[in-house]
Amino acid sequence: MKPRQAAVLSTAKNERILALDCLHALLYEGAYSNLVFNERVRRSNLPPETVSAAAALFYGSLVESAALDEEIADKLRIPISKLDSLIHCLLRLASYEILFMEKPAYASVSEAVKLTRKLGLSSAASLVNAVLRKIASHPLDCAGRSRLANLATNAEVFGRLRTALGEEAAEAYLLTSKQARPQAYRFRGGARQLELLLEEAEGALAPGRISPLSVIEVRERQRWPRALRARIDRDLIRQGESASLPAIVLGPQPGERIADFCAAPGNKSLEIQDLRNHEGQLAAYDLYPQRLMLIEARFRRAGLSDEAMAFLHLKSRDMRTADTLRFQRILVDAPCSALGLLATKPELRYRSEPDALASLLEIQAQLLDSAAQSLEVGGVLVYSTCSIDRAENQDQIEAFLTRHPEFVRDCFFDPRIGHGDEQISELLIDPSTGEAEGFYMAKLKKNEESRFD
């Protein structure tokens with residue numbers, strides 16, 4: 001990218017430039033959508049309404065990538081791969097405005113051409129103008145697009161979803177996850193305090209759909225009562241409803257020694273301690289020392305006392321190898337393909353990397369083996385992922401139990417609202433209903449010493 005182009009993008013003046021900067025970083029620099037968007041917003045100083053407009057444009061164009069590229073390719077005389085990377089991104093964003101945001105086509109075309117010239121790409125201005133005018137006047141309808149473009153995915157990802165959920169549920173998931181879910185928050189107080197919180201919210205929040213600990217956003221935070229906004233990060237922790245359930249299944253008790261493997265950024269570690277009133281030692285592990293700072297910052301933002309912080313022990317280590325410490329409960333919230341999070345990570349709709357999946361499966365197995373050695377006899381191990389892929393979940397647990405006959409499945413009450421009388425040993429949350437993110441969790445108990453202890 002030339003200095004002039006970088007200067008234009010780094011000093012975003014409107015939602016189009018901000019969205020263009022984020023999209024280019026994701027497609028051509030390997031960035032992640034949520035990280036790149038949040039980082040660019042922090043440095044932009046744009047007003048909230050502009051940021052909201054940029055988010056709609058950026059995330060919407062990500063979701064509809066396949067449909068947009070089919071539209072662009074249909075109107076081009078050259079392959080998309082021959083386009084300048086910024087022009088490709090600019091055409092995607094303007095096409096999304098025309099086709100999916102119902103904005104006046106002439107305005108989107110005009111702004112795209114102006115931005116092309118501003119970026120020092122005047123030689124491509126006529127191409128941008130011609131392609132967008134053709135899209136506005138002769139768009140492909142759903143029948144003219146491929147099935148995968150209408151579902152907003154590729155063949156590899158659809159195949160994995162179909163294997164996990166079945167064809168009908170896979171299609172439903174892809175369609176419902178096109179729309180972002182309302183932001184969920186875990187509330188750190190009790191049931192009575194939750195009732196008072198909802199009264200204070202004046203309609204800005206609603207009870208969670210599946211988690212008894214969660215509330216969901218009804219109005220944007222900018223429209224919340226000021227006193228309620230002040231409680232974010234202290235009493236209200238940004239956390240998906242499904243993500244709040246593994247700590248409940250773990251069942252932390254006062255006085256126990258508990259370990260949270262892969263603990264950063266610290267939401268689950270904080271929840272474990274909240275569930276037992278911060279009475280007991282918690283070892284929060286992460287591979288990278290700098291990520292341990294995120295965990296400590298998470299606890300500090302929650303306003304914990306020095307006395308409560310004394311129970312938290314941060315340690316950088318490779319969790320795939322055994323430690324000398326022993327624990328009574330361990331949570332392994334493992335790195336995964338995150339196939340259950342398509343609504344919040346839309347780029348995953350199109351990313352399918354077999355080598356990366358094979359590496360993840362190996363890491364997950366190593367983490368479980370390490371946890372087996374670190375757990376006391378009679379202790380509890382909870383394994384969770386935000387994937388719905390059987391290979392990362394049910395098959396991983398079956399293979400673990402084959403390697404470790406000293407472990408057995410441990411039944412727990414289904415923690416979801418309305419399911420409290422059902423006893424299960426594993427839970428797969430189906431994201432196709434649109435209620436919450438896809439998630440998996442299994443609970444195991446160690447009945448005797450591991451063979452290699």
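**Reading packed helices and a sheet**

In β3, Val215 is the bridge partner of Tyr185. The model is predicted, and local features need pLDDT of at least 70, while side-chain atom pairs count only at pLDDT 80 or more. Residues are numbered from 1 along each chain as its sequence is written.

Me: Which strands does this sheet hold, and in what order?

Reply: Strands of a sheet pair through backbone hydrogen bonds, either parallel or antiparallel. Here an open sheet of 4 strands is ordered β2-β3-β1-β4, with antiparallel pairing. Strands are DSSP runs (E, at least two residues), helices are H or I runs of at least four, and both are numbered from the N terminus. Two strands pair if DSSP finds at least two bridges between them; β1 (residues 184–187) and β3 (residues 214–217) are joined by 3 bridges.

Me: How is the packing of α4 and α6 described?

Reply: Two packed helices are described by the angle between their axes and the distance between the axes. Axes are lines fitted to C-alpha atoms, for helices over the stretch in contact, and angles run from 0 to 180 degrees between N-to-C directions. Helix α4 (residues 48–63) packs with helix α6 (residues 85–100) at about 100 degrees, their axes 9 Å apart. The pair is therefore roughly perpendicular, a term for 65 to 115 degrees.

Me: Which residues make that contact?

Reply: Contact means heavy atoms within 4.5 Å. From α4 come Ala56, Leu57, Gly60 and Ser61, and from α6 come Leu93, Tyr96 and Glu97.

Definitions and conventions
Side-chain values use heavy atoms; hydrogens and water are left out. Angles under 35 degrees count as roughly parallel, over 145 as roughly antiparallel, 65 to 115 as roughly perpendicular and the rest as oblique.
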